[in-house]
Amino acid sequence: MDRPLRLIAGNPLDELARTLEALLVVASQPLPVEELAGAAADDPERVELALGLLSERYSEGRSGIVLEHVAGGYAFRASRSAAEACARLFERPVQRGLSQAALETLAVVAYLGPCSRPEIARIRGVAADSAVAGLLERGLIAEAGRDDGAGGAIRYRVTPLFERVFGLESLSALPRLDDIAEDTERIRERLHAVAERRGA
């Protein structure tokens with residue numbers, strides 16, 4: 001005699017992971033745990049456990065899509081090995097690296113920002129107009145109000161895209177100056193000088 005079919009309930013954590021997977025696919029920016037928990041109508045602790053499952057499933061070298069904790073939230077990105085293919089799909093060359101001037105400007109804004117073009121120029125010792133324009137175009141920096149002083153120069157800050165591109169959970173994850181430069185004292189003096197002028 002045939003036995004009746006028995007329904008097997010799915011693992012609730014797997015079901016939650018699938019829901020989170022869908023939310024992250026449709027999101028246009030990294031989503032924090034609290035926002036994911038609200039959308040999934042579930043507990044933040046369970047959401048973190050489910051994100052752990054997704055992180056294993058979508059890890060670099062194991063999948064063409066990678067789950068990363070970046071810019072204060074979670075997001076999917078293409079794996080590094082698939083970057084060129086993705087660029088070809090959108091019919092544009094792989095994004096060129098940043099020039100030395102752009103990197104220096106980006107570092108000043110990331111470590112000191114928000115700051116204005118005149119402040120950036122004082123720190124770097126050269127005009128920053130071209131580098132700032134290029135970084136704005138790429139979406140790595142954005143306007144963040146104006147200086148209070150005469151002239152009211154526009155101030156700039158780095159964007160969540162900056163954190164995402166550089167794989168930073170937040171700006172606090174930036175390397176310490178001591179770890180990335182030999183002449184840190186000179187850099188630190190220039191940064192402090194501008195900060196003091198701004199505070200005056």
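Guide: Let us start with α7. Three of its residues, Ala131, Val132 and Leu135, are buried. Look down the axis of α7 and these buried residues fall within an arc of 100°, so they line one face of the helix. An α-helix has 3.6 residues a turn, so residues three or four places apart point the same way. Now turn to the face of α7 that points away from the buried side. Ser130 and Glu137 sit there, and they are exposed. Keep in mind that this is a predicted model.

What covers the buried side? The cover of the buried residues of α7 includes α5, α6, β4 and β5. Just past the end of α7 comes Gly139, with a positive phi of about 80°.

Next, the strands. An open sheet is built from 3 strands in the order β3-β5-β4, with antiparallel pairing. β3 and β4 are its edge strands, and each of them pairs on one side only. Take the β3 side. β3, residues 115-116, pairs with β5 in the antiparallel sense over 2 bridges. Ser116 has Arg155 in β5 as its bridge partner. Now the β4 side. β4 and β5 run antiparallel and are joined by 4 bridges. Here Glu143 has Tyr156 of β5 as its bridge partner. As a general point, in a regular strand the side chains alternate between the two faces of the sheet.

Helices lie across this sheet. α7 lies across β4 and β5, and runs at about 110° to β4. α5 lies across β3, β4 and β5, and runs at about 90° to β5.

Leaving aside residues up to four places away in sequence, Val158 touches Leu106, Val109, Ala110, Leu140, Ile141 and Leu171.

Ser172 is placed in the loop between α8 (160-165) and α9 (177-180). Its relative accessibility is 69%, so Ser172 counts as exposed. Compare its position with that of Tyr111. Ser172 and Tyr111 are 61 residues apart in sequence, and their C-alpha atoms are 9.5 Å apart in space.

Now to another helix, α2, which covers residues 33-40. Its buried residues are Val33, Leu36, Ala37 and Ala40. Seen down the axis of α2, they fall within an arc of 100°, so they line one face of the helix. On the other side of α2, Glu34, Gly38 and Ala39 are exposed. The cover of its buried residues includes α1, α3 and β2. After α2 comes Ala41, with a positive phi near 50°.

Two of those covering elements, α1 and α3, also pack together. In general, two packed helices are described by the angle between their axes and the distance between the axes. For α1 (residues 12-26) and α3 (residues 44-57), the angle is about 75° and the axes are 9 Å apart. That makes α1 roughly perpendicular to α3. From α1, Pro12, Leu13, Asp14, Leu16, Ala17, Leu20, Glu21 and Leu24 meet residues of α3. Those residues of α3 are Arg46, Val47, Leu49, Ala50, Leu51, Leu53, Leu54 and Arg57.

Last, the element β2, another part of the cover over α2. β2 (residues 73-78) runs antiparallel to β1 (residues 65-70), and 6 bridges join the two strands. Within this pairing, Leu67 stands opposite Phe76 in β2. β1 and β2 form a hairpin with 2 residues between the strands. In that hairpin, Ala71 takes a positive phi near 50°.

Terms used: Residues are numbered from 1 along each chain as its sequence is written. This is a predicted model: local features need pLDDT of at least 70, side-chain atom pairs count only at pLDDT 80 or more; totals for chains, interfaces and linings use all residues. Side-chain values use heavy atoms; hydrogens and water are left out. Contact means heavy atoms within 4.5 Å. Buried means under 20% relative accessible area, exposed over 50%, partly exposed in between (1.4 Å probe, protein chains only). The arc is that of the directions from the helix axis to the C-beta atoms. Two strands pair if DSSP finds at least two bridges between them. Axes are lines fitted to C-alpha atoms, for helices over the stretch in contact, and angles run from 0 to 180 degrees between N-to-C directions. Angles under 35 degrees count as roughly parallel, over 145 as roughly antiparallel, 65 to 115 as roughly perpendicular and the rest as oblique.
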